[in-house]
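Visitor: Please take one part of this model and go through it closely. I would like to hear about the charged side chains and how they pair.

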Amino acid sequence: MERFKNVFVFDHPLIKHKVAILRDKKTGMKEFRELVEEITTVMTYESMRDVELVPVTVETPLEKCVQYKFPEESVAIVPILRAGLGMVNGVHKVFPTARVGHIGMYRDEETLEPQEYYCKLPDGIENKTVFLVDPMLATGGSACDALDALKKRGCRKIKFMAIIGVPEGVEKVAKAHPDVPVYVSTLDRQLNENGYILPGLGDAGDRLFGTK
């Protein structure tokens with residue numbers, strides 16, 4: 001993925017350790033959910049390196065000084081339902097006051113094409129840095145459609161984060177939205193004939209919420 005300037009694949013030992021446990025089929029729902037949050041938090045720290053800070057005057061116990069902070073209420077989180085919900089708390093640990101929107105997408109089992117069925121976003125989201133999150137970046141269809149939906153509603157500062165991705169999906173998003181940074185903690189081998197990531201970790205939504 002080095003040929004795409006907007007793609008960032010993390011090579012972080014802590015993330016590698018947690019992804020290894022995340023993949024294990026013996027990892028239960030509670031631990032799986034906690035790992036998704038923890039990995040998302042690390043990714044959020046890393047993905048904010050390029051965000052501009054604003055100067056503020058702070059009074060310490062000894063004197064006043066100029067420091068730098070993120071602008072107030074400058075971040076929003078938009079999970080792609082339903083698996084993206086598992087990443088929201090991971091971003092909230094860094095930005096606890098971030099507003100949360102939701103985009104509902106489902107994949108047609110025959111065509112593998114995404115279909116939007118729900119979109120509810122916070123007021124003023126067009127002025128915020130938006131974290132669009134989904135644990136799995138497979139075909140890239142849902143991510144592209146969700147990014148289109150955000151842009152149609154005026155969003156211009158968007159960061160897409162996925163825990164597991166494959167070259168096909170990453171390339172599709174990177175080409176369709178070259179202005180959007182794409183952050184992936186781990187790049188897997190390929191998709192199988194059913195559009196599932198290999199080696200992957202199974203269905204992230206089912207493992208997060210205990211469904212089949």
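This is a predicted model: local features need pLDDT of at least 70, side-chain atom pairs count only at pLDDT 80 or more; totals for chains, interfaces and linings use all residues.

Visitor: With which residue does R49 form a salt bridge, and how far apart are the closest N and O atoms?

Guide: The closest N and O atoms of R49 and E46 are 3.1 Å apart. R49 is exposed, at 67% relative accessible area. E46 is partly exposed, at 25%.

Other pairs follow. K30 and E34 form a salt bridge, 2.6 Å from N to O. Both residues sit in helix α2, four residues apart, which is about one turn of the helix. K30 is exposed, with 53% relative accessibility. E34 is partly exposed, with 33%.

K16 pairs with D11, and their closest N and O atoms are 2.6 Å apart. K16 has a relative accessible area of 51% and is exposed. D11 is exposed too, at 60%.

Salt bridges also join into a network: R82, D203 and D206 are linked this way. The total count of salt bridges is 14.

Now the cysteines. The structure has zero disulfides. A disulfide is a covalent bond between the sulfur atoms of two cysteines. For C144, the closest cysteine sulfur is in C119, 16 Å away, so the two are too far apart for a bond. C144 is buried, at 6% relative accessibility. C65 is partly exposed, at 24%.

Last, a helix with buried residues. In α3, residues 85–92, the buried ones are G86, M87, V88, G90 and V91. The buried residues of α3 pack against several elements, including α2 (29–47), β4 (75–81) and α6 (204–209).

Key
Residues are numbered from 1 along each chain as its sequence is written. Side-chain values use heavy atoms; hydrogens and water are left out. Buried means under 20% relative accessible area, exposed over 50%, partly exposed in between (1.4 Å probe, protein chains only). Helices (H or I, at least four residues) and strands (E, at least two) are DSSP runs, numbered from the N terminus. Contact means heavy atoms within 4.5 Å. A disulfide is a pair of cysteine sulfur atoms within 2.5 Å. A salt bridge is a side-chain nitrogen of Lys or Arg within 4 Å of a carboxyl oxygen of Asp or Glu.
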